[in-house]
Amino acid sequence: MNVAVLTGGVGGARFVRGLVDATDPAGITAIGNVGDDLEVLGLYVSPDLDSVLYALADLNDEERGWGRAGETWNALETVDDLDGEAWFRLGDRDLGLHLVRTQALQAGTSLSDVTARLARSLGVEASILPATDDRLRTWIRTEDGELTFQDWFVRRGHREEVAGVRFEGAEAARPAPGVLQALEEADVILFAPSNPFVSIGPILAVAEIREALEARTVPAVAVSPLIGGRAIRGPADRMLARLGGGTAPAQVADCYKGLIDVLVFDEEDVDGAAGVEALGVRPVVTKTLMVDAAARRRLAETALSAASETRVPAAATSGARHSSRP
Ligand code: FO1
């Protein structure tokens, strides 16, 4: 079975890990957010691709959710001692990957090629693709002005309320090689339990990706990142309240208007089922907290079986529609 999964953030990486445990990894293509990418200390860092890479290679730090297990921080301590940029915590082991990737990019290799090379070297069987090889960066509009994603998220601890989100470079961005093919050849399209605005939003901002999703002929299933209207970590709940008009499952489904047929959400939010149905999206209620490997796998299995029980409504395949949503 071919599965294309849109992913970003820690929740996304955990879900993709569950998916790999639930179905043949050779059929899985993870299409990752690159809006969070940054250059720091002269290195190109792609946090969301790396979270998937590390999770699938069994190298990830389970507790933090990002970076590598068994990490040490000697290089960063030196950076700090020398008054360098130490706010974005790059561990010693992680740094090795950024060195290799940065050198490859500087030598003219594309982000998708270097990501494939890293995945191969780490023994990852699933395909991990950046949504685009072009420069695409998420900017966060706050009352203090516009901030780069990582400045807001990490340096400032996402304290400021978000008034809007902008994806620099999205208009010119083309899908990375393999992305459209993965969507076309997919038997199922999944949206991981990621932040709809800043994790999935940048992927959908690439017009040809959004159009391919609008024109899909196979079921698309999203998993809500909220439980009881709250994010497990990160600002997804505050962003949905402010930018999406609320934190009920319907508001999550509305972020993906015209792009999904099913929304999987937590049993704590069961009261929101009718609201999802009213949008023409099938609600599927289950436990969504990914506490361990078994829970991650179960959630992935639920999403896959929801897809197999779903027929794509003709409206979804009747041509491109446009939405101002993420
Ligand atoms: N997240 C943090 O909250 N603080 C950090 O210092 C930090 C460093 C970091 C380094 C490498 C990497 O791959 C991820 C890192 N993250 C860090 C996570 C990352 O910034 C966010 O989880 C994602 O961008 C949100 O999707």
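**Exercise 1. Work out why R17 and D21 are separated by about one helical turn.**

Solution. R17 and D21 sit 4 residues apart in helix α1 (residues 9-22), so about one helical turn separates them. Helices here are DSSP runs of H or I with at least four residues, numbered from the N terminus. Next, look at the side chains: R17 and D21 form a salt bridge, with their closest N and O atoms 2.7 Å apart. That term asks for a side-chain nitrogen of Lys or Arg within 4 Å of a carboxyl oxygen of Asp or Glu. The structure holds 21 salt bridges.

A word on ground rules: this is a predicted model, where local features need pLDDT of at least 70, side-chain atom pairs count only at pLDDT 80 or more, and totals for chains, interfaces and linings use all residues. Numbering runs from 1 along each chain as its sequence is written, and side-chain values use heavy atoms, leaving out hydrogens and water.

**Exercise 2. Find which residues come nearest to the ligand, and which helix gives the most to its shell.**

Solution. Start with the 14 residues around the ligand (a heavy atom within 4 Å). Of these, D36, D48, F88, R89 and Q150 come nearest. Now go by helix: α2 (47-56) and α6 (149-155) each supply at least two shell residues, and α6 gives the most, with 4 residues.

**Exercise 3. List polar contacts of the ligand (N or O pairs within 3.5 Å).**

Solution. Take the ligand's oxygen atoms: one lies 2.7 Å from a polar side-chain atom of D36, and an oxygen is 2.9 Å from a side-chain N or O atom of Q150. Then try nitrogen: a polar side-chain atom of W66 is 3.4 Å from a ligand nitrogen.

Definitions and conventions:
Polar contact = N/O pair within 3.5 Å; in protein donor to acceptor, adjacent residues only side chain to side chain.
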